[in-house]
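We will take a walk through the chain, one stop at a time.

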Amino acid sequence: MKRRLLLTLACLGAVQGGAAASLSGAALEQAAQDYQAQCQGCHGVQRFGASGPALLPESLSRIKPAEVREVIAKGRPASQMAGYAGVLSDARLDALADYLQRPPATPPSWSSEDIRASHSLLNDIGRLPATPQHNADPLNLFVVVEAGDHHIDILDGDRFTVLARFASHFAVHGGPKFSPDGRFVYIASRDGWISLYDLYNLKLIAEIRAGLNTRNLAVSKDGRWVLVGNYLPGNLIVLDARDLSLVRNIPALGQDGSPSRVSAVYTAPPRDSFIVALKDVKEVWELSSRDTPDWQPRRIHAEDYLDDFSFSPDYHQLLATSRKAEGGQVIDLDSGRAVSEIALPGMPHLGSGTYWQRNGRWVFATPNISKGLISVIDLETWKLIKEIPTLGPGFFMRSHINSPYAWSDVFFGPDNDAIQLIDKQTLEIAHTLRPMPGKTAAHVEFTHDGRYLLLSIWASDGALIVYDSHSLKEIKRIPMNKPSGKYNVGNKIEFAEGTSH
Ligand code: DHE
């Protein structure tokens, strides 16, 4: 049976340097031949990916070089990636790992023609029933990303049973996004594949490869357009939300023509627009999605490169941090001006923050990826109200209007099996849970009514744990392979307080 080389990138947050510089020309030539003989059947002639993921420096930047080599040598359990230790010598394994982390001889490109050629329509929406063909509450379904074996589960949020399960493309990242009525879900993988799935009929409708290395996607307020933000090539891709056909390919070029990668794209429903974060130029873009948009960006100039951001609940303001600065800034989206500075130590992860009402005022809380603390900010004065010490740096925070707590994980460090509950009024840690000692507990999502919540145990022998959100009693444990994010349809389409947007 033909051996297959399928690398996986599931190395959390490990941003690593590129290849060593010391390979001889002959060793590189041998590595290129080994790639052709062993790898390209699954990973593609140009390393853009095929049945296996893309093997380009951009796609591999999150995995340590030693792990790249280890996967080539030993394979990857629960995937089709076989180990090559018995096939290639140690020196050739080293050279192959190095080769994969170098840019290919021909710079990678992914044109509008390539995008169109990748488009496939799997089911005709017009012929499918326009009402739910299952007996679960369509607004209380969860879309669960099972990252360990690259699957998506559709979960009934009343009975906590899996209604459907299907294979996703490699490394789904970021929150799937929904049509305004909650019928359709749009899913992006790091390898650029976008999938459209019908939650009424539990069927895949269409797929398209919008880029080689994608950040995330957003759906317009009226559900007509899907906007995809790419690192490689650096561009925005507009798709027709009904069938994912290509509408527009917009290169991400700064005012002076400098190319940029796109960090992330978001929908701002009250503004009827998309907001775009650029990685390499000091600009934020706003694209109107009203009626027949012309897709011309409104450029908002920023003082610095913006790495991470979030919005005020009314979407008038943008809270942004740059990884270089020791703090954040507030940009008024109407005037396009920076209106305030925020004191935020460490590396706050604004995109994973959450907000709620406290004493009649909005507060915003953000975890921090470099320090064990949660910063709480008053959204009127932009003053830091409190820094809450936690057991370690966290990645995700979540709450619900009916929950007294904001749930925060401790993603990094020895206490990564803990989950900490912040009392939303006292701003004290009210509870610390350790659902499966020794295994990472991360990312929470509430049911539509907020009565229960689902927590991920982020391990190959992991689980989704259902808790009663008030008594904190465990209700059910559903075994899963590295469940990562999970998203409640009702909470997401209502842009509900406490969930991610
Ligand atoms: Fe994410 C959301 C960026 C690493 C899991 N992550 C997002 C979003 C952005 C982002 C901009 C919001 C997009 C959206 O939902 O539409 N993530 C980044 C990074 O820049 C970073 C630090 C490095 C990178 O190379 O991308 C990064 N993210 C990770 C991981 O290592 C995680 C833990 C595992 C993984 O799947 O790669 C991870 N990110 C997630 C998840 C969400 C997410 C589960 C959705 C959160 C939500 O609740 O909506």
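This is a predicted model: local features need pLDDT of at least 70, side-chain atom pairs count only at pLDDT 80 or more; totals for chains, interfaces and linings use all residues.

**Stop 1**

For orientation, His 173 is in the loop between strand E4 (161-167) and strand E5 (177-178).

**Stop 2: the largest nonpolar core**

Next, select Tyr 186, Ile 194, Leu 217, Val 226, Val 228, Leu 239 and Leu 244 and show their side chains. Within the largest nonpolar core, which has 26 residues, these are the ones that touch the most other members. Now colour the strands around them: E6 (184-188), E7 (193-198), E8 (203-209), E9 (213-219), E10 (225-232) and E11 (235-240) each contribute at least two residues to this core.

Zoom in on Leu 239. Setting aside residues up to four places away in sequence, Leu 239 touches Ile 194, Ile 208, Arg 224, Trp 225, Val 226, Val 228, Leu 244, Ser 245, Leu 246 and Val 247.

While you are here, look at the link between Leu 232 and Pro 233, a cis peptide bond with omega of about -10 degrees. Most peptide bonds are trans. Pro 233 belongs to the loop between E10 and E11.

**Stop 3**

Now show helix H1 (residues 25-43) and helix H4 (residues 90-100). How do their axes cross? They come within 9 Å of each other, at an angle of roughly 85 degrees, so H1 is roughly perpendicular to H4. To see the contact, select Ala 27, Leu 28, Gln 30, Ala 31, Ala 32, Asp 34, Tyr 35 and Cys 39 on the H1 side, which meet Arg 92, Ala 95, Leu 96, Tyr 99 and Leu 100 of H4.

Stay with H4, where the buried residues are Leu 93, Ala 95, Leu 96, Ala 97, Asp 98, Tyr 99 and Leu 100. Their cover includes H1, helix H2 (57-60) and helix H3 (65-74). Moving to H3, select its buried residues, Val 68, Val 71, Ile 72 and Ala 73; these pack against H4. Just after H3 comes Gly 75, with a positive phi of about 80 degrees.

**Stop 3: Gln 329**

Jump to Gln 329 in strand E19 (residues 328-332). Is this side chain's residue, Gln 329, buried or exposed? Gln 329 is buried, with a relative accessible area of 8%. Beyond residues up to four places away in sequence, Gln 329 touches Glu 303, Asp 304, Leu 306, Leu 318, Leu 319, Ala 320, Ala 338, Ser 340, Glu 341 and Ile 342.

**Stop 4: Asp 417**

Select Asp 417, in the loop between strand E26 (405-409) and strand E27 (419-423). Asp 417 counts as buried because its relative accessibility is 8%, below the 20% cut-off. What does its side chain meet? Draw a distance to the side chain of Arg 434, and you will find a polar contact of 2.7 Å. Then draw another to the backbone nitrogen of Gly 438, which lies 2.8 Å from a polar atom of the Asp 417 side chain. Other residues in contact with Asp 417 include Leu 433, Pro 435, Met 436 and Thr 440.

**Stop 5: towards the end of the chain**

Select Ala 463 in strand E31 (residues 462-468); at 3% relative accessibility, Ala 463 counts as buried.

Finish with two backbone details. Most residues other than glycine have a negative phi. Leu 472, which is not a glycine, has a positive phi of about 65 degrees. Find Leu 472 in the loop between E31 and strand E32 (474-480); at 15% relative accessibility, Leu 472 counts as buried. Phe 495, also not a glycine, has a positive phi of about 45 degrees. Phe 495 sits in the segment after helix H6 (489-493) and is partly exposed, with a relative accessible area of 31%.

Terms used: Residues are numbered from 1 along each chain as its sequence is written. Side-chain values use heavy atoms; hydrogens and water are left out. A nonpolar core is a set of buried Ala, Val, Leu, Ile, Met, Phe, Trp, Tyr and Cys residues joined through side-chain atoms within 4.5 Å. Buried means under 20% relative accessible area, exposed over 50%, partly exposed in between (1.4 Å probe, protein chains only). Helices (H or I, at least four residues) and strands (E, at least two) are DSSP runs, numbered from the N terminus. Contact means heavy atoms within 4.5 Å. A polar contact is a pair of N or O atoms within 3.5 Å; within protein, one must be able to donate a hydrogen and the other to accept it, and residues adjacent in sequence count only if both atoms are side-chain atoms. Axes are lines fitted to C-alpha atoms, for helices over the stretch in contact, and angles run from 0 to 180 degrees between N-to-C directions. Angles under 35 degrees count as roughly parallel, over 145 as roughly antiparallel, 65 to 115 as roughly perpendicular and the rest as oblique.
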